[in-house]
Amino acid sequence: MRVAEVLKPGILPAEAISELKAKGAISCRHALDSDQIQPASLDLRLGRSAWRVRASFLPGAGASVKERLDALALHKLDLTHGAVLETGCVYLVELFERMKLPADLAAAANPKSSTGRLDVFVRVITDGARAFDTIPVGYHGPLYLEVSPRTFPILVRTGSRLSQVRFRRGVARLSDLELLSLQASDCLVDAAHPDVAAGGIALGVDLSGDALGGLQGFRAKKHTGVIDVDQSGVLDVEDFWEPIRLRGDGRSLVLDPDAFYILASREAVHVPPDYAAEMVPFDPLVGEFRVHYAGFFDPGFGSAAAGGRGARAVLEVRSREVPFILEDGQTVGRLVYERMAARPGTLYGADMRSHYQGQGLKLSKHFRAFSGA
């Protein structure tokens with residue numbers, strides 16, 4: 001597939017991302033890893049150096065990140081052989097990937113699923129940026145990643161992947177009417193009466209414990225060991241997480257202030273092959289919590305076309321200043337769907353290492369399977 005041949009608006013598939021790399025719109029100091037390009041996104045890799053900074057910042061129009069870094073950096077870390085990033089601190093890392101986007105192409109970044117499930121706050125910054133995670137049309141320049149672990153200290157190194165980027169041509173987002181039509185034909189969520197509004201389809205939280213052996217979710221422990229972000233299936237769940245089990249007939253959960261939870265959606269989610277989806281933060285006016293740091297769902301997620309039968313959305317929930325009671329079935333987020341510019345040759349979960357296809361209530365890939373439910 002040639003990028004020039006992808007004429008319709010939409011999210012670029014893997015083949016078009018490869019074409020961008022070949023044409024120099026994406027440049028890297030090192031060759032791309034073999035699995036770095038996903039069906040509808042590109043993983044971004046940490047470079048050799050990180051700086052601990054006094055505070056999060058945006059450079060603003062006409063200013064470069066390095067100009068601001070000179071004034072805000074506290075000290076520099078070498079990531080070549082690995083470094084621990086501490087909770088409560090803000091770090092800035094220059095990424096290996098740079099952009100030289102054409103005038104009709106923009107990009108948006110988001111934490112990878114495994115990053116969000118560790119409560120690691122990451123945001124991409126560009127030179128001249130006035131917004132995080134936004135790479136404007138025609139942008140030429142470096143990419144930086146702000147990293148702030150909130151719950152667990154993490155071990156990262158050069159080449160670690162904490163964030164991902166999607167490339168978008170034109171307007172790709174579905175309207176409410178288009179969403180309703182796609183829901184009727186493809187059952188995007190298995191809800192009898194789907195709530196479609198403001199360009200998204202609502203997801204509720206499952207606190208029933210019915211399908212999870214009485215397990216409602218997990219609450220993160222404080223003062224834990226370090227998590228190596230590049231190792232999979234090596235950590236014991238209960239060294240880092242407190243399982244939350246259903247008690248009596250109550251199907252609710254009190255969110256403690258400044259605590260972090262992993263919960264699951266009530267509905268199973270399906271992303272058809274010609275679409276991509278993103279979970280957007282829910283309206284803060286309805287509750288004192290934020291849900292879902294990591295928001296990209298690739299084409300084929302939960303899809304029968306990729307061997308799936310629907311998959312729950314895992315919800316990364318952080319409460320705010322006051323306790324808040326979350327009820328079973330309560331709406332906690334909205335899933336926005338966008339058209340693909342073309343169907344990717346490989347779908348999520350088909351012939352690739354897809355950690356979360358067919359998932360239920362699932363922690364990040366770093367943990368061993370939990371059998372204590």
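This report looks at the nonpolar cores and the aromatic rings of the chain.

The model is predicted, so local features need pLDDT of at least 70 and side-chain atom pairs count only at pLDDT 80 or more, while totals for chains, interfaces and linings use all residues. Residues are numbered from 1 along each chain as its sequence is written, and side-chain values use heavy atoms, with hydrogens and water left out.

Let us start with the overall picture. The chain has four helices and 26 strands, taken as DSSP runs numbered from the N terminus (helices H or I, at least four residues; strands E, at least two). Of its 373 residues, 55% are buried, meaning under 20% relative accessible area, with exposed over 50% and partly exposed in between (1.4 Å probe, protein chains only). Among contacts (heavy atoms within 4.5 Å) between residues at least 6 apart in sequence, 80% join residues at least 24 apart.

Now to the interior. A nonpolar core is a set of buried Ala, Val, Leu, Ile, Met, Phe, Trp, Tyr and Cys residues joined through side-chain atoms within 4.5 Å. The largest one holds 56 residues, and Met-99, Val-147, Phe-167, Trp-241 and Phe-367 touch the most other members. Beyond its neighbours within four places in sequence, Phe-167 is in contact with residues including Gly-10, Ile-17, Leu-42, Met-99 and Leu-105. A second, separate core has 32 residues, among them Val-189, Leu-253, Leu-326 and Leu-335.

The rings deserve a look of their own. Rings of Phe, Tyr and Trp (its six-membered ring) pair if their centres lie within 6.5 Å; planes under 30 degrees apart count as stacked, over 60 as edge-to-face and the rest as tilted.

| Pair | Centre to centre | Angle between planes | Type |
|---|---|---|---|
| Phe-240 and Phe-367 | 5.6 Å | 70° | edge-to-face |
| Trp-241 and Phe-260 | 6.1 Å | 45° | tilted |

Phe-240 lies in the loop between strand E17 (227-228) and strand E18 (241-245), and Phe-367 in the segment after strand E26 (331-339), so their pair ties together parts 127 residues apart in sequence. Both Phe-240 and Phe-367 are buried. Trp-241 in strand E18 and Phe-260 in strand E20 (residues 260-269) are 19 residues apart. Trp-241 is buried with a relative accessible area of 0%, and Phe-260 is buried at 1%.
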